[in-house]
Amino acid sequence: MTADLIAVVLLLAVTAYACAGGTDYGAGFWDLTAGGTERGRRPRRLIDQAMAPVWEVNNVWLIFLLVIMWTGFPVLFQTVFSAMWLPLALAAVGMVLRGGGFALRKPTQRLAGRRLYGAVFACASLVTPFFLGAAVGGVASERVAPGTEASADVWAGPTSVVFGLVAVATTAFLGAVFLTGDARRFDAPDLVGYFRRRALASLAVLTVLAVVTGFVTHEDAPYVWHGLTHGLGLFFVVVSGAAALATAWLLLRTPGTWVRVTAVGVVACVIVAWGMAQRPYLLPTSLTVSDAAGAPATLTWLAIVTLVALLVVMPAVVLLYRLDARGELEELSDSELRKPE
């Protein structure tokens with residue numbers, strides 16, 4: 001019972017990081033595709049301003065899920081990080097480079113330096129989610145099991161490639177939706193349209209990739225495919241589809257707060273559907289929740305510590321998000337967002 005509870009908490013932590021961290025990665029994707037120095041100046045400035053207050057706190061969810069994983073399910077942690085150390089190491093390097101590039105770009109005075117740090121930030125924002133998605137694809141396609149040795153076959157199969165692309169498209173979608181709201185908050189109507197078009201385009205790409213994923217998993221990840229087309233897995237897939245339609249409808253109107261809620265709902269429901277699809281396994285067909293769980297006493301204390309941590313951390317995180325959403329942390333000057341004559 002305790003092991004199942006910790007497994008649910010782990011799934012929720014993955015969901016929180018995918019939604020919060022994914023939004024930041026998506027901002028980096030649009031930074032990469034914003035164009036040249038003059039053309040991309042205002043979109044990039046908005047991205048800097050929107051990310052600055054919250055980008056570091058979003059990594060809290062990554063730390064949270066790693067702690068739960070290695071403490072609550074040590075066999076899972078050992079197996080995944082041994083079999084797929086390369087894509088996970090590349091993702092970790094991408095996180096470091098991305099953070100460094102973002103932090104150093106703004107204070108750098110020389111144009112060449114800003115371009116260099118900006119390129120590092122943007123490229124790492126593309127690479128990191130791809131390799132994280134590829135690792136998840138290796139798990140879903142049953143290529144990872146206790147004792148599996150590290151090799152490219154583990155994380156470079158069809159499901160891994162598709163999941164990597166889905167991860168990139170998902171972050172682009174979330175980033176564009178949230179930046180649409182930020183542009184509206186900062187009274188930059190042309191940027192509202194700019195990012196709204198990109199949000200709709202990325203949602204369309206994500207829809208196509210979702211269909212492709214269905215065909216690929218049918219052949220390459222049959223256990224997860226069966227779970228996604230039956231029971232609770234199917235239920236959350238349907239809810240995700242409904243949230244996607246609601247998001248598209250809201251984007252075609254005047255985007256407000258609710259479009260962020262529905263966009264997060266799209267991503268959160270997909271991840272929960274994946275978790276439900278591979279029940280009762282953490283590694284499909286090879287490692288169940290009960291087999292991977294740590295000692296009962298460890299799980300009990302982990303549940304207690306997790307509850308305390310949430311009670312301490314969550315109010316501060318929620319307050320930060322609320323202040324940021326209301327524009328009370330930092331404001332853009334008129335000269336920074338004014339459209340050139």
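## Arg42 and its salt bridge

Arg42 is buried, its relative accessible area being 8%, where buried stands for under 20% relative accessible area, exposed for over 50% and partly exposed for what lies in between (1.4 Å probe, protein chains only). The side chain of Arg42 meets that of Asp190 in a salt bridge, with 2.6 Å from N to O; a salt bridge here is a side-chain nitrogen of Lys or Arg within 4 Å of a carboxyl oxygen of Asp or Glu. Because Arg42 lies in helix α2 and Asp190 in helix α9, the pair ties together parts that are 148 residues apart in sequence. Asp190, at 30% relative accessibility, counts as partly exposed. Helices are DSSP runs (H or I, at least four residues), as strands are (E, at least two), and they are numbered from the N terminus.

## Basis of the model

The model is predicted, and local features need pLDDT of at least 70, while side-chain atom pairs count only at pLDDT 80 or more and totals for chains, interfaces and linings use all residues. Residues are numbered from 1 along each chain as its sequence is written, and side-chain values use heavy atoms, with hydrogens and water left out.

## Other salt bridges

The structure holds five salt bridges. In one of them Arg44 pairs with Asp31, and the closest N and O atoms are 3.4 Å apart; this pair links distant parts of the chain, with Arg44 in helix α2 and Asp31 in helix α1, 13 residues apart. Both partners count as buried, Arg44 with a relative accessible area of 18% and Asp31 with one of 2%.

A salt bridge also joins the side chains of Asp220 and Arg143, at 2.8 Å from N to O. Here too distant parts of the chain are linked, since Asp220 is in helix α9 and Arg143 in the loop between α6 and α7 (152-155), 77 residues apart. Asp220 is buried at 17% relative accessibility, whereas Arg143 is partly exposed, with a relative accessible area of 26%.

## Nonpolar cores

A nonpolar core is a set of buried Ala, Val, Leu, Ile, Met, Phe, Trp, Tyr and Cys residues joined through side-chain atoms within 4.5 Å. The largest such core has 49 residues, and those with the most contacts inside it are Trp30, Leu46, Ile47, Phe173, Val177, Leu179 and Phe195. The elements that give two or more residues to this core are α1 (2-32), α2 (41-51), α6, α8 (158-185), α9 (189-220), α11 (231-252) and α12, and α8 provides the largest share, 11 residues. Another core, of 39 residues, lies apart from it and includes Val9, Ala83, Ala91 and Val144.

Just after α6, Glu142 takes a positive phi of about 65°.

Helix α12 (residues 257-277), with 21 residues, reaches 30 Å from its first C-alpha to its last, close to the 30 Å expected at 1.5 Å a residue. Of the 21 residues of α12, 15 are buried, so this helix is largely enclosed by the rest of the structure.

## Cysteines

A search of the whole structure finds zero disulfides, a disulfide being a pair of cysteine sulfur atoms within 2.5 Å. The cysteine sulfur closest to that of Cys19 belongs to Cys269 and is 9.2 Å away, too far for a bond. Both residues count as buried, Cys19 with a relative accessible area of 9% and Cys269 at 13% relative accessibility.

## A nonpolar surface patch

Val60, Trp301, Ile304, Val305, Leu307, Val308, Leu311, Val312 and Val313 make a nonpolar surface patch of about 840 Å². Patches consist of residues with over 30% relative accessible area and no salt bridge, with like charges joined within 9 Å and nonpolar side chains (Val, Leu, Ile, Met, Phe, Trp, Tyr) within 5 Å; accessible areas come from the Shrake-Rupley method with a 1.4 Å probe, and for residues only the protein chains shown count as cover.

Helix α14 (residues 296-325) gives the most to the nonpolar patch, with eight residues. Ile304 has its place in helix α14 and is partly exposed, with a relative accessible area of 40%.

Terms used: The expected span of a helix is 1.5 Å times one less than its number of residues.
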